[in-house]
Amino acid sequence: MSRYLDDRLDTEERVADLLAQMTLEEKCGQLNQRLYGWQAFERVGESFDVTSKFQDEVAKFGGIGALYGLFRADPWSGMNQENGISRANSARVANQLQKYVMENSRLGIPMLFSEEVPHGHQALDSESYPVNLARGASFNTALQREIAEAIAAEISDKGVHLALASALDILRDPRWGRAEECFSEDPFLAAEFTKAITTGFQASGRVAVILKHFAAQGEPIGGHNSGPVSIGMRELREIFLPPMVAAAEAGALGVMAAYNEIDGVPCHANGELLTGILREELGFDGIVMADGCALDRLLAMNPDVRKAGAMALAAGVDLSLWDEVFPNLADLALPAVQLELFQALKKQGKPVVVVLVQGRPNAIPELSEQADALLTAWYPGAQGGIAVAETLFGIVNPSGKLPVSIPRSSGQLPVYYNQKAGEYKEDYFDERGAALYPFGHGLSYSDFAYQEIQATHQSRTVAELESGEKFRFTVTVQNRAKRAGSEVVQLYIHDQEASITRRKKELKAFQKVKIGANETIEVTLEIGLAELQIWSIRNRWELEPGTVRIFVGGSSVTALETVIEITNGVR
């Protein structure tokens with residue numbers, strides 16, 4: 001028996017023995033997901049046969065490293081209830097294909113099954129959850145961990161090993177066709193959610209999460225999907241890297257590179273990004289998967305197939321994948337026919353409540369001015385209808401907050417709240433510059449009032465903060481209504497003394513709390529080194545001395561304010 005088959009030996013020894021026996025073709029086969037999973041089987045009634053295409057792939061490469069989308073069912077894959085794999089049959093088919101690979105390859109290496117889990121498993125009979133943008137509105141990280149645990153339990157029972165989950169994208173341009181896959185326009189909120197789902201997916205030890213997409217895909221020029229991203233290193237680190245930092249700290253086992261280029265370098269060929277930052281700086285030691293056909297796109301830089309592949313391998317890509325296309329929208333306004341319907345309803349003289357079912361923040365100035373109420377549902381999942389009904393009839397008290405700013409028009413873009421603080425005119429000649437509804441905004445049937453903020457320390461030294469000390473703030477919030485409700489208490493900062501220009505406001509802490517009818521409570525929020533350091537003019541993370549304004553409220557349009565100071569001295 002070969003040493004790699006002996007489970008009594010150390011993993012490193014077994015891997016070394018296996019690699020020593022592998023041919024170049026076998027190694028290439030382990031690095032590629034060349035087949036769509038639905039091409040591996042043919043269904044006849046309730047029986048499933050291995051296809052010749054799958055058999056040929058196993059023979060050509062002496063096995064298969066990973067198989068993508070075995071259970072996928074949607075119009076793009078063409079799989080449905082008649083020809084796809086039901087939930088009840090999933091484990092049986094996965095075992096059948098796995099057995100074929102192990103029995104019909106020289107080394108018997110089992111393959112990995114990778115599946116999309118954008119808002120639940122993208123498969124027949126699977127649970128459907130709200131999209132990320134809707135989940136971001138919850139400001140509830142514990143709930144997101146529970147959802148991830150539930151999805152992981154479902155797919156692991158089917159035999160899935162790799163969960164492809166969107167989490168790393170920050171929604172900076174709502175015209176982008178994959179807006180619904182983002183948790184937020186804010187890096188702090190997105191990072192907290194990424195940490196939660198990473199922990200949830202991998203809690204059982206049976207599933208590895210592949211987090212998508214690394215990096216900066218949410219701000220393509222013109223909102224075009226996979227378009228170039230024109231940002232510098234500071235914007236990359238301040239806005240787009242925080243979710244990946246959180247993922248690495250949470251022990252994420254996989255990440256998918258993004259289609260886009262950053263400053264002229266495609267992410268799939270960016271060694272500084274995939275190796276320098278991701279592996280060496282952040283300490284990530286999992287696998288880097290390519291997005292669909294992304295390596296083929298490198299042929300535009302180098303028409304030699306082998307050299308293009310070598311570019312990706314040298315940069316840090318471990319596993320390739322097939323392609324996938326998503327649409328973009330140039331105009332965020334509602335279609336004319338929907339506005340005509342709204343106006344027709346208004347003419348009836350009855351109160352009109354508008355429920356927005358959407359995958360991006362649409363520009364809705366007409367609805368904002370004329371509707372009697374607005375309810376943003378995003379794409380709410382299988383229980384969405386019940387949730388909307390219970391909210392409209394007052395059975396539940398809504399507590400969501402906007403994870404993105406809502407624009408007045410496409411011409412305003414960008415309208416994200418955390419823009420740079422500088423001396424420039426915000427308004428246009430023919431349009432206001434401010435968002436129609438700000439980040440963090442959300443109404444309730446309760447009425448919350450922010451009354452007071454107290455800091456336990458108005459000043460701390462750099463040394464104290466670097467040793468783990470924090471600023472703590474106690475916020476007094478009153479529910480002036482006769483109905484209990486939940487409020488998201490949000491804390492923002494503005495650095496007033498820095499070596500570089502800072503942002504108007506930056507979310508750095510939040511807490512969702514339940515407050516009884518006519519009850520007043522105190523909420524404690526804290527910030528420390530991680531929240532106060534900046535990517536300084538010296539191109540490194542630093543805690544710079546100076547004053548910092550602290551804002552607290554129920555949205556980014558805050559109610560309370562205080563000032564703290566970071567000093568160099570010893571107190």
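Author: Rings of Phe, Tyr and Trp (for Trp, its six-membered ring) pair if their centres lie within 6.5 Å; planes under 30 degrees apart count as stacked, over 60 as edge-to-face and the rest as tilted. The model is predicted, and local features need pLDDT of at least 70, side-chain atom pairs count only at pLDDT 80 or more, and totals for chains, interfaces and linings use all residues. Residues are numbered from 1 along each chain as its sequence is written, and side-chain values use heavy atoms, with hydrogens and water left out.

Reader: How many aromatic pairs does a search of the whole structure find?
Author: A pair of aromatic rings is described by the distance of the centres and the angle of the planes. Searched as a whole, the structure has an aromatic pair count of 12.

Reader: What is the angle between the planes of tyrosine 417 and tyrosine 492?
Author: The two rings form an aromatic pair with centres 5.6 Å apart. The pair counts as edge-to-face, and the angle between its planes is 80°.

Reader: How many residues apart are tyrosine 417 and tyrosine 492?
Author: Helices (H or I, at least four residues) and strands (E, at least two) are DSSP runs, numbered from the N terminus. Tyrosine 417 is in the loop between H15 and S14, and tyrosine 492 is in strand S17 (residues 485-495). The pair links distant parts of the chain, and the separation in residues is 75.

Reader: Is tryptophan 541 buried, partly exposed or exposed?
Author: Buried means under 20% relative accessible area, exposed over 50%, and partly exposed in between (1.4 Å probe, protein chains only). Tryptophan 535 has 8% relative accessibility, so it counts as buried. Tryptophan 541 has 34%, so it counts as partly exposed.

Reader: Which strand do 5 bridges join to S5?
Author: Two strands pair if DSSP finds at least two bridges between them. S5 is joined by 3 bridges to strand S4 (residues 112-116), and these two run parallel. The 5 bridges also join parallel strands, and the partner of S5 there is S6.

Reader: Which residue of S6 is the bridge partner of serine 166?
Author: Strands of a sheet pair through backbone hydrogen bonds, either parallel or antiparallel. In S6, the partner of serine 166 is lysine 212.

Reader: Which residues point the other way from Leu162, Leu164 and Ser166 in S5?
Author: In a regular strand the side chains alternate between the two faces of the sheet. S5 (residues 162-166) is mostly covered, with 5 of its 5 residues buried. Leu162, Leu164 and Ser166 point one way, and pointing the other way are Ala163 and Ala165.

Reader: Which helix makes a right-handed β-α-β unit with S5 and S6?
Author: A crossover is right-handed if, with the strands pointing away from the viewer, the path from the first strand over the helix to the second runs clockwise. The unit that S5 and S6 make is right-handed. Its helix spans residues 187-202 and is H7.

Reader: What is the omega of the cis peptide bond between lysine 212 and histidine 213?
Author: Histidine 213 is in strand S6. For the bond that joins lysine 212 and histidine 213, omega is about -5°.

Reader: Which residue has a side chain in polar contact with the side chain of serine 444 at 3.0 Å?
Author: A polar contact is a pair of N or O atoms within 3.5 Å; within protein, one must be able to donate a hydrogen and the other to accept it, and residues adjacent in sequence count only if both atoms are side-chain atoms. The side chain of serine 444 reaches the backbone nitrogen of serine 446 at 2.9 Å. Its side-chain partner at 3.0 Å is asparagine 397.

Reader: Is aspartate 263 buried, partly exposed or exposed?
Author: Aspartate 263 lies in the loop between strand S8 (261-262) and strand S9 (265-266). Its phi is near 55°, a positive value in a residue other than glycine. Its relative accessibility is 65%, so aspartate 263 counts as exposed.
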